[in-house]
Amino acid sequence: MSAGEVELALLDAALLQQEEDVLVLGGGALALGAHERVGDGWVYVVRSQVDELEELLGEAHAVGASGVAYLVGETPVLPLPDGAVAAVLGRIATDDGALAAAAEEVARVLSARGRVSFAEPDPKAGQELARLLEAAGFENVEVAQAGGEVVVSGGLA
């Protein structure tokens with residue numbers, strides 16, 4: 001499974017480094033692309049459905065990717081301790097009014113100087129996500145276009 005334009009933009013914006021632990025909200029090509037970039041670091045994949053995680057696990061086994069952990073959860077309550085990862089990337093659900101809580105939860109699981117990059121198909125929701133990330137303490141928040149979607153990225157001080 002190869003990464004598309006949006007996935008590559010997310011990976012690039014997250015500035016992933018070797019041996020970092022990262023959180024991927026989503027999976028497939030994005031999780032495997034993150035795994036390639038962090039090498040011996042861990043990639044934690046969070047999805048809300050067990051069957052989705054089983055499918056992703058099968059994809060990882062098919063390409064021999066180790067160091068990938070699959071966790072059941074959702075962005076407003078992530079199953080990781082404070083400061084657990086250097087970067088978070090993927091997609092945050094922008095419905096149900098949970099976006100502000102999700103931005104704060106992402107900041108909680110990031111280590112100092114942690115980075116985020118999220119894709120959003122709706123430009124208006126992407127601008128709202130950028131505003132909420134800034135409100136949650138992220139700096140240098142940028143909004144860019146990739147593959148017909150908005151990519152929002154930034155970092156903690």
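This note describes the strands, helices, pocket and cavity of a predicted model.

1. Basis of the note. The model is predicted, so local features need pLDDT of at least 70 and side-chain atom pairs count only at pLDDT 80 or more, whereas totals for chains, interfaces and linings use all residues. Residues are numbered from 1 along each chain as its sequence is written, and side-chain values use heavy atoms, with hydrogens and water left out.

2. The parallel strands. Helices (H or I, at least four residues) and strands (E, at least two) are DSSP runs, numbered from the N terminus. Strand 1 (residues 22-25) runs parallel to strand 2, with four bridges between them; two strands pair if DSSP finds at least two bridges between them. Val22 has Val43 of strand 2 as its bridge partner.

3. The setting of strand 2. Strand 2 (residues 43-47) is largely enclosed by the rest of the structure, because four of its five residues are buried. Buried means under 20% relative accessible area, exposed over 50%, and partly exposed in between (1.4 Å probe, protein chains only). Together with strand 1 and helix 2 (residues 29-38), strand 2 makes a right-handed β-α-β unit. A crossover is right-handed if, with the strands pointing away from the viewer, the path from the first strand over the helix to the second runs clockwise.

4. Helix 1. Val6, Ala9, Leu10 and Leu11 are buried in helix 1. The buried residues of this helix pack against helix 2, strand 4, strand 5 (110-120), strand 6 (138-146) and strand 7 (149-156). Leu15 follows helix 1 and has a positive phi, near 50 degrees.

5. The largest pocket. A pocket is an open set of points on a 1 Å grid over the protein atoms alone, with protein on both sides within 12 Å along at least five of seven lines; a cavity is a set where a 1.4 Å probe fits but cannot get out, and lining residues have an atom within 4 Å of a point. The largest pocket has a volume of about 470 Å³. Its lining comprises 24 residues, and Leu25, Thr75, Arg91, Ile92 and Ala93 lie nearest its centre. Helix 1 gives the most to this lining, with three residues.

6. Thr75. This residue lies in the loop between strand 3 and strand 4 (85-90). Thr75 counts as buried because its relative accessibility is 9%. Leaving aside residues up to four places away in sequence, Thr75 touches Leu25, Arg91, Ile92, Ala102, Glu105 and Val106, where contact means heavy atoms within 4.5 Å.

7. The cavity. A search of the whole structure finds one cavity of 30 Å³ or more. The largest cavity is lined by Gly28, Ala31, Leu32, Leu56, Glu59, Ala60 and Tyr70. Helix 3 (50-62) and helix 2 each supply at least two residues of this lining, and the largest share, three residues, comes from helix 3.

8. The hairpin. Strand 6 and strand 7 pair in the antiparallel sense over seven bridges, and the bridge partner of Val143 in strand 7 is Val152. The two strands form a hairpin with two residues between them, and Gly147 in the turn has a positive phi of about 55 degrees.

Technical notes
Points joined across faces, edges and corners; volume = space filled by probe spheres on them.
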